[in-house]
Each structure stands twice: as C-alpha cells, then as structure tokens.
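Colleague: I would like to learn how to read the features of a model one at a time, with the general idea given before the particular case. Could we go through it slowly?

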Amino acid sequence: MDQQVNELKEKGNTALNAEKFDEAVAAYTEAIALDSQNYVLFSNRSAAYAKAGKFAEALKDAEQTIALNPFWPKGYSRKGAAAVGLHDFMKAFDAYNEGLMYDPTNAILLQGRQEITASVLSHMQSQGVIPMDVDPHMPRARRAPSPTRRSNEPAKPAEPRVEDMSEEEKKKYFAKQEKELGNAAYKKKEFDVALKHYNAAIEHDPTDITFYNNIAAVYFERKEYEECIKQCEKGIEVGRENRADFKLIAKSFARIGNTYRKMENYKQAKIYFEKAMSEHRTPEIKTSLSEMETKIKEQERTAYINPEKAEEEKEQGNHYFKKGDYSNAVKHYSEAIRRNPDDPKLYSNRAACYTKLAAFDLGLKDCETCIKLDEKFIKGYIRKGKILQGMQQASKASAAYQKALELDPNNAEAIEGYRQSSMNFQRNPQEVLKNAMSDPEIQQILKDPAMRMILEQMQNDPNAVKEHLQNPAIADKIMKLLESGIIQIH
C-alpha cells in the first residue's frame, strides 16, 4: 500500500508542477483514500486547490494537515495562503503567527506574515484609517516590543528571503527545514512523524545521503532491520552519484554493520565494518571490527563442538596410546578436545601422553585445566602428582597426591604416590634444597628484605615464629618455605 500511495503522490506532484491542477487533486485524493493519516497528502492537495483558485477547499485541507501534525510549519503556511485567497486576512495573520510559535525562523511564515500585514496596512492607508508613518511590519495592536541587544553581541544574520533564492537553493532550504523537524521528532521517539519529515526532505532534495541515513536510523530504532539496510544501500548509491563526503558513506556502511550485528550475522557485519574502514577509519569502527572477528571465532569454535566426534577421536587416541604411539595419541586427544573442550577426561588422557613423551610442562598444564573443569576429578590430581615427580618436585607432588586422598582416602594409586614422594622428600635433603631454590616463588620469597629479617629473627628466637604466624600473608610464605624444605621448625 505504501508503494501505491507514493506512486500516486508522485503523480500528483508531477501534475502540480505542470500546472494540471485538477489532475493533481485527483491523484492526491486517490492517495488520501488509501492513507487518510498522511498529512503531506492533504498539504499537497491544499496547494493544488489554491493554485486552481479553490480556496475554500484549500483551507479545509490545510486545517486537516494541521490537525494531523500540529508541529509542521507548512500546514500553517498552507492555511495562511488559503485564507488570503478568501480575503480573510485576520485568519491568515493568525495562521502565520501560530506556525511561527513552532518554528520562529521559518522563512515562508515570516514572509507570509510580512506580506499580509503590508497588504492590510496598504488597504487601511488607502482608506485613510492610519497615518503613513506606521511601521508596516506589524499592526499596532499586535506589535511586540523590540528585544534589547547588548552592544557587545554580534547582530544575528538576517533570515534568507525565499524569493531571492534560486530553485536549487529553495529545494535545499526546504529540505533542511524538513530534516530539522524530523530530527526533533526522532529525539522524542516519534518515529512515524520523523519518517514523514525525512521523506519530505528527500522530495525536496533527493541527492543528500544524510536523509537516507536518518531514515535508516529510524528503522534501526524500530528494529526493522531489513528496511534499515535497504535505506543505507540507497543512501550509499545516492552518495556515490553525488560525490558525498567519505565520512557519510562510511557512516552508512557502519550502520549496515551494526544492523547485521543486531541480527547476529557477524560475518556480514564484519564485511560492512571493513567497507566502512576503507572509506573513513575511526576508533569506533575499528573496535566494532575487532569485536566481530572475536564473535566469528567463537561461533566457529562453538559450531565445531561435537561430543560424538570427540568420543570417536578419544577412542583413536586410546588405541595409539596402547600401541605406545604417543605422538599420534596426542593428535587424536587434541582433536577430541577441540570437539568437546569441557570434558576433563580428555585433558587427563593427553597429560598421560605428554608424561610418556617427557613433555612435563605441557602435561602439567593439561592437569591444571582438567582440575579447573572438575575439582573432584581424582585422576587429574594423580596425573599431576606423577608429572611433578618426573620433574623432581617431590613436595609439590606430595601436595597433589594429598588432594587426591582428600577426595578418596583409600585410593591405592594416590597412597603409593604420596608415600614415594614423601620418601624422596625426606631421603635427599640436598636434592630437596636444590629443587626448592630453582622454584621462582621460593626465590621471590627469599629476595624479600622483610622476609629475610623475619627468618633471621626466627633463627635467633625460635618462639618468634608463633607471632609471625598470626599474619596470614607471612604465614603463607613461611608454610611455603617449610613445604619446600628450606626451613625446618623443631
């Protein structure tokens, strides 16, 4: 229906410009029958009636225009013109004044008021009613006091006179007026009103990309995303044809990108943010592009997850592990992890492979991930203990086995691992000391001047340890040194 209304309106506009007034009235009337709330149609028909000399009909349509949109200045200018045609000068004067309440700088309304007052005064002068020296810009009874202006304030530039403008200047002037009215409505979230004004702006000046961008913004707010994209694409086309600023074209591309982001089509969003960047680089667009790349990676990762495929890969990993082909086993376990990254057993299995390959750092990392995913997964602690034993870190191995025993005090593997690591810890104090001194955390504690002072105090006064253990931070460091074998308390 909207398309049919627009076609009829365009038909009416063409007829009006060709001075085929009856044909214009007929087209507008048919359009109104389809959209009786469209104030622009009533305004256009009012203009056609006035051009045809049918001022009563023109006045009626002007009043209907105002009733539908009382904030639109053109309705009041239509009413004023129709009232002048009917020689109802007071009604015309009131119409222009009322319109100026909504848009005090509107050139058409100001000009209309000036012309009507000049006509009235000229008529009164010819009748000898008023003296010749009266200011012709305002009737005496309605004249407002001139506002005072401070001497240091620059005079405001005079409003442009529409009659002095070229046709092209008039189009741009009226288009700007409509855009500003649309912006005011947009800020109030009166989106239907905003759309009518922006479309009216395009009627005056179809070469300005800004109007299409503004219409797209309305559709974006209304979550009509397909229409938003359509308007942006039209704006880009118009902008290219009329050599618009690259910043405006970038804005259109970025809005399409934001629209696709709202639709969660991140790949398309990325494409349009890239296009926006190619027109005009801004930090905001760059950030949006980075966000889309992150979203796409996450989507791809999530899409790749398949627990059934992960189980198949795990079985392949088990097969190669039993054969002693640990490198191939690692490959299959790694693929299983990509297919199901939240399964702690897969990390535990791969950690066993790394242990066999003496890649203890990688195995330890897998054990930590395994425990993080499931703190009660006892196998993770046992694997960690074995790796730490292989790294000659007996005290840390003991702690890992101890965690396993807290979960299952009767676990034979944990009991044996704890026994062996404890024996190694007690059997070779020099090795213990050597391993402890290679621990970065131990080194950091021993480099701390405050801790060195505390250790000296404890050496001279064994009872001082009780006092220092009252401080949780110091107690934690002392326990770390005790566990590593650096210090002993008897």
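Colleague: Are Glu 335 and Arg 339 buried or exposed?

Modeller: The term rests on relative accessible area, where buried means under 20%, exposed means over 50%, and partly exposed covers what lies in between, with a 1.4 Å probe and protein chains only. By that reading, Glu 335 and Arg 339 are both buried. Please keep in mind that this is a predicted model, in which local features need pLDDT of at least 70 and side-chain atom pairs count only at pLDDT 80 or more, while totals for chains, interfaces and linings use all residues. Residues are numbered from 1 along each chain as its sequence is written, and side-chain values use heavy atoms, with hydrogens and water left out.

Colleague: How many salt bridges does the structure hold, and which parts does the one between Glu 413 and Lys 379 tie together?

Modeller: The structure holds 20 salt bridges. Glu 413 and Lys 379 form one with an N to O distance of 3.6 Å; Glu 413 belongs to helix H21 (residues 412-427) and Lys 379 to helix H19 (residues 378-390), so the bridge joins parts that are 34 residues apart in sequence. Glu 413 is partly exposed, at 31% relative accessible area, and Lys 379 is also partly exposed, at 29%. Elsewhere, Asp 192, Arg 222 and Glu 224 are linked in a network of salt bridges.

Colleague: How should I read the span of H19?

Modeller: The expected span of a helix is 1.5 Å times one less than its number of residues. H19 has 13 residues and reaches 19 Å from its first C-alpha to its last, close to the expected 18 Å. Its buried residues include Tyr 381, Ile 382, Ile 387 and Leu 388. H19 is followed by Gln 392, which has a positive phi of about 60 degrees although it is not a glycine. Gln 392 is placed in the loop between H19 and helix H20 (394-407), where it counts as partly exposed at 45% relative accessibility. Arg 243, likewise not a glycine, has a positive phi near 55 degrees and is exposed, at 78% relative accessibility.

Colleague: How are two packed helices described?

Modeller: Two packed helices are described by the angle between their axes and the distance between the axes. The axes are lines fitted to C-alpha atoms, for helices over the stretch in contact, and the angles run from 0 to 180 degrees between N-to-C directions. Helix H5 (residues 73-85) and helix H6 (residues 89-102) have axes that come within 8 Å and cross at roughly 170 degrees. That makes H5 roughly antiparallel to H6, given that angles under 35 degrees count as roughly parallel, over 145 as roughly antiparallel, 65 to 115 as roughly perpendicular and the rest as oblique. The contact (heavy atoms within 4.5 Å) includes Tyr 76 and Val 84 of H5 and Phe 89 and Tyr 102 of H6. By class, it has 9 nonpolar, 3 polar and 3 charged residues, where Ala, Val, Leu, Ile, Met, Phe, Trp, Tyr, Cys and Pro count as nonpolar, Asp, Glu, Lys and Arg as charged, and the others, Gly among them, as polar.

Colleague: And how many helices and strands are there in the chain?

Modeller: The chain has 26 helices and 0 strands, and buried residues make up 41% of its 490 residues.

Notes
Helix = DSSP H or I, 4+ residues; strand = E, 2+ residues; numbered from the N terminus. Salt bridge = Lys/Arg side-chain N within 4 Å of Asp/Glu carboxyl O.
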